[in-house]
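Hi everyone, thanks for coming. Let's take a look at the sequence and the model together.

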Amino acid sequence: SNSASGQLGVARVLGVGRADMGDSDMLAAFDGELNELARLTKANCKPQILSMTMIGEESVHAAPALVALICRKLSAVPAERLLTIVYLWDSLSQSRKIARYRELFTPRLVPLLSAAFERAPDLIRPSLVRLFAVWRMGAVFPVPLLNELDARAVQLSGDGAAGVDAAVTGAGAAVA
């Protein structure tokens with residue numbers, strides 16, 4: 001996958017469009033970029049997420065395959081590294097240029113993000129809850145699905161339910 005990431009870098013430098021790379025090359029490169037993203041932290045992932053969002057916007061025809069890659073990575077990445085993958089999900093879902101990613105992520109929202117929340121270390125859960133609140137305020141995903149996700153977060157938080165509930169009902173902080 002390192003060579004796939006390299007292919008994408010070469011394509012960028014040469015100004016070759018991702019469509020010119022061929023779908024299988026582009027998907028392999030995106031998978032390599034996902035692997036790299038999974039190694040980054042919240043503090044240094046923004047440039048990678050912006051780059052991958054641009055790739056997604058330029059490759060809408062491959063959106064189902066890209067979403068499948070992201071969902072698989074979210075399920076497979078170590079729990080302490082899932083936040084960066086969720087932030088990519090967020091970035092593609094909130095893209096003003098295209099709604100296709102939001103449409104593809106919507107049916108996967110509750111099962112995958114509930115599982116991610118369940119696996120997430122306690123230090124990461126508040127960031128997920130803030131993101132859910134951002135989605136609610138921005139009407140990114142349907143309210144009934146967000147309600148279900150919020151209820152699952154409260155249920156999974158056990159003793160910390162009051163804090164999660166307060167964050168869910170009163171949060172307005174943007175994800176930095």
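So, which helix is Thr53 found in? Thr53 sits in helix 4, where helices are DSSP runs of H or I with at least four residues, numbered from the N terminus. Before I go on: this is a predicted model, where local features need pLDDT of at least 70, side-chain atom pairs count only at pLDDT 80 or more, and totals for chains, interfaces and linings use all residues. Residues are numbered from 1 along each chain as its sequence is written, and side-chain values use heavy atoms, with hydrogens and water left out.

Back to Thr53. With 7% relative accessibility, Thr53 counts as buried; buried means under 20% relative accessible area, exposed over 50%, partly exposed in between, using a 1.4 Å probe and protein chains only. Leaving aside neighbours within four places in sequence, Thr53 touches Leu88, Ser91 and Leu92, a contact being heavy atoms within 4.5 Å.

Now the aromatics. Rings of Phe, Tyr and Trp (its six-membered ring) pair if their centres lie within 6.5 Å; planes under 30 degrees apart are stacked, over 60 edge-to-face, the rest tilted. That rule gives four aromatic pairs. Phe117 and Phe132 make a tilted one, 6.4 Å centre to centre with 40° between the planes. Phe117 is in helix 8 and Phe132 in helix 9, so this pair ties together parts 15 residues apart in sequence. Trp135 and Phe141 pair edge-to-face, at 4.9 Å and 75°, and both are buried.

One caution: pLDDT, the predictor's confidence in each residue from 0 to 100, stays under 50 over residues 1–20.

Definitions and conventions. Helices (H or I, at least four residues) and strands (E, at least two) are DSSP runs, numbered from the N terminus.
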